[in-house]
Amino acid sequence: MGGGGEFPWWGNLGGPVQRHIVTYSISPYKQRLFAGALSQGVFNTYRRVSSQAFYIGVPVFIGLLIYYKGNERHEYYSTKAAKKLEN
């Protein structure tokens, strides 16, 4: 089992000494994927959504306001009352 003579022992093949060997490990977040999801995730989600609500909510509100006012105006221009104003 010593591997003398013709076949040297594994890892001692007589080549150059290996340097800069990097070892890897699994992240604790990968090991326990849903650890703290209910206890911390709900509050963290609320914090993130509330911090971005102004940046998302204002443009959405303005866009919906333009859309509804445009539809209202289009419906008015499609009536007889609007046609009478043109003549």
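Which residues is tyrosine 77 in contact with, leaving aside its neighbours within four places in sequence? In this predicted model, those residues are Ala82 and Lys83, where contact means heavy atoms within 4.5 Å. Tyrosine 77 itself lies in helix H2 and counts as partly exposed because its relative accessibility is 44%; the class covers values between buried (under 20% relative accessible area) and exposed (over 50%), computed with a 1.4 Å probe on protein chains only.

The model is predicted, so that local features need pLDDT of at least 70 and side-chain atom pairs count only at pLDDT 80 or more, while totals for chains, interfaces and linings use all residues. Residues are numbered from 1 along each chain as its sequence is written, and side-chain values use heavy atoms, with hydrogens and water left out.

The chain contains three helices and zero strands, in the order α-α-α along the sequence. Helices (H or I, at least four residues) and strands (E, at least two) are DSSP runs numbered from the N terminus. Of the 87 residues in the chain, 1% are buried. The accessible surface comes to about 9200 Å², with carbon and sulfur atoms accounting for 63% of that area; areas were computed by the Shrake-Rupley method with a 1.4 Å probe, and for residues only the protein chains shown count as cover.

Helix H2 spans residues 41-77 and includes phenylalanine 61, which counts as exposed at 56% relative accessibility. The unreviewed UniProt entry places a "transmembrane region" at residues 52-68; such annotations may be inferred rather than shown by experiment, and the positions are given in the numbering used here, with feature names shortened. Over residues 52-68 the chain is 100% helix and 0% strand, with 24 Å between the end C-alpha atoms.

A nonpolar surface patch of about 1300 Å² has Phe54, Tyr55, Phe61 and Tyr68 among its members. Patches consist of residues with over 30% relative accessible area and no salt bridge, nonpolar side chains (Val, Leu, Ile, Met, Phe, Trp, Tyr) being joined within 5 Å and like charges within 9 Å. A salt bridge is a side-chain nitrogen of Lys or Arg within 4 Å of a carboxyl oxygen of Asp or Glu.

Three aromatic pairs are present. Rings of Phe, Tyr and Trp (its six-membered ring) pair if their centres lie within 6.5 Å; planes under 30 degrees apart count as stacked, over 60 as edge-to-face and the rest as tilted. Phenylalanine 54 and tyrosine 55 form an edge-to-face pair, at 6.1 Å centre to centre and 75° between the planes, and both residues are exposed. The pair of tyrosine 76 and tyrosine 77 is tilted because the ring centres are 5.8 Å apart and the planes lie at 50°.
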